[in-house]
Amino acid sequence: MLEYDIMKENNNLGKLFVVSGPSGAGKGTICKRIIEEIKEPKVELSISMATREPREGEIDGVHYFFTSKENFEEMIKAGGFLEYAKVYGNYYGTPKEKVVEKLSQGVDVILEIDIQGALNVKKAYEQAVLIFVVPPSMEVLRGRLEGRGTDSIETINMRLAETLKELTYMDQYDYVVVNDDLEEAVKGAKCIFQAEHLKSTDQINNIVKAYKEEN
């Protein structure tokens with residue numbers, strides 16, 4: 001479990017935020033804005049590992065850590081992932097070591113992953129904060145998906161049907177952000193990040209440490 005990989009006496013750990021939501025909800029845009037706008041503590045997006053071939057324009061270590069299936073499976077055996085899944089014959093996962101390194105440095109980490117992965121992360125690290133991003137309605141979501149111009153009607157209908165299934169997991173998340181107006185959604189998400197750093201346990205630990213250092 002991740003919590004045993006980090007020294008418990010470290011009171012300056014970063015926080016792990018897991019963001020999920022239907023395709024078209026705008027979670028990627030919200031995550032990008034948070035990283036750009038929150039300066040203290042620093043926030044970084046976790047980079048997943050994948051066994052598929054890079055697509056045109058994708059850079060190793062920027063979009064994904066690309067690796068072989070053999071190496072990925074060795075890492076699974078060694079407990080090297082917070083979560084992973086096999087999709088259409090390829091593995092995708094969140095390398096544990098990279099996340100632990102950033103958290104230990106006091107950096108907040110965002111995982112933008114699907115619901116199954118998010119719930120697995122919560123099992124591995126109960127301090128993880130789960131945020132679910134949703135559009136205000138199915139009608140709005142359909143409009144966004146159609147507006148992309150990249151999917152067929154069949155694919156859009158499939159995504160909408162999947163959304164109805166995904167919504168049943170909302171009650172297992174710590175927060176829900178409704179992305180009706182992007183600026184308001186970003187503001188709400190930033191408030192979650194700030195509130196998590198003001199929780200009493202963190203404040204008490206930091207205050208006690210500061211008082212002891214004065215004596």
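Let's start with the aromatics. Phe72, Phe81, Tyr84 and Tyr91 are joined into a cluster by ring pairs. A pair here means rings of Phe, Tyr or Trp (its six-membered ring) with centres within 6.5 Å; planes under 30 degrees apart are stacked, over 60 edge-to-face, and the rest tilted.

Some ground rules. This is a predicted model, where local features need pLDDT of at least 70 and side-chain atom pairs count only at pLDDT 80 or more, while totals for chains, interfaces and linings use all residues. Residues are numbered from 1 along each chain as its sequence is written, and side-chain values use heavy atoms, with hydrogens and water left out.

Back to the rings. There are 8 aromatic pairs in the structure. Take Phe72 and Phe81: ring centres 4.2 Å apart, planes at 20°, so they are stacked. Phe72 is buried at 0% relative accessibility. Phe81 is buried too, at 10% relative accessible area. Buried means under 20% relative accessible area, exposed over 50%, partly exposed in between, using a 1.4 Å probe and protein chains only.

Next pair: Phe132 and Tyr173. Their centres are 5.1 Å apart and their planes at 80°, so this one is edge-to-face. Phe132 sits in strand β8 (129–134), Tyr173 in the loop between α6 and β9 (175–178), so the pair ties together parts 41 residues apart in sequence. Both residues are buried. Helices (H or I, at least four residues) and strands (E, at least two) are DSSP runs, numbered from the N terminus.

Now the largest pocket. Its volume is about 1700 Å³. It has 44 lining residues, and the closest to its centre are Lys27, Tyr64, Glu112, Ile113 and Asp114. On a 1 Å grid over the protein atoms alone, a pocket is an open set of points with protein on both sides within 12 Å along at least five of seven lines; lining residues have an atom within 4 Å of a point. Points join across faces, edges and corners, and the volume is the space filled by probe spheres set on them.

What is the lining of the largest pocket, by class? 17 nonpolar, 14 polar and 13 charged residues. Charged covers Asp, Glu, Lys and Arg; nonpolar covers Ala, Val, Leu, Ile, Met, Phe, Trp, Tyr, Cys and Pro; the others, Gly among them, are polar.

Which element gives the most to that lining? α6, with 7 residues.

Thr163 is buried, at 2% relative accessible area. Beyond its neighbours within four places in sequence, Thr163 contacts Pro22, Met138 and Leu141. Contact means heavy atoms within 4.5 Å.

Notes. On a 1 Å grid over the protein atoms alone, a cavity is a set of points where a 1.4 Å probe fits but cannot get out, and a pocket is an open set with protein on both sides within 12 Å along at least five of seven lines; lining residues have an atom within 4 Å of a point.
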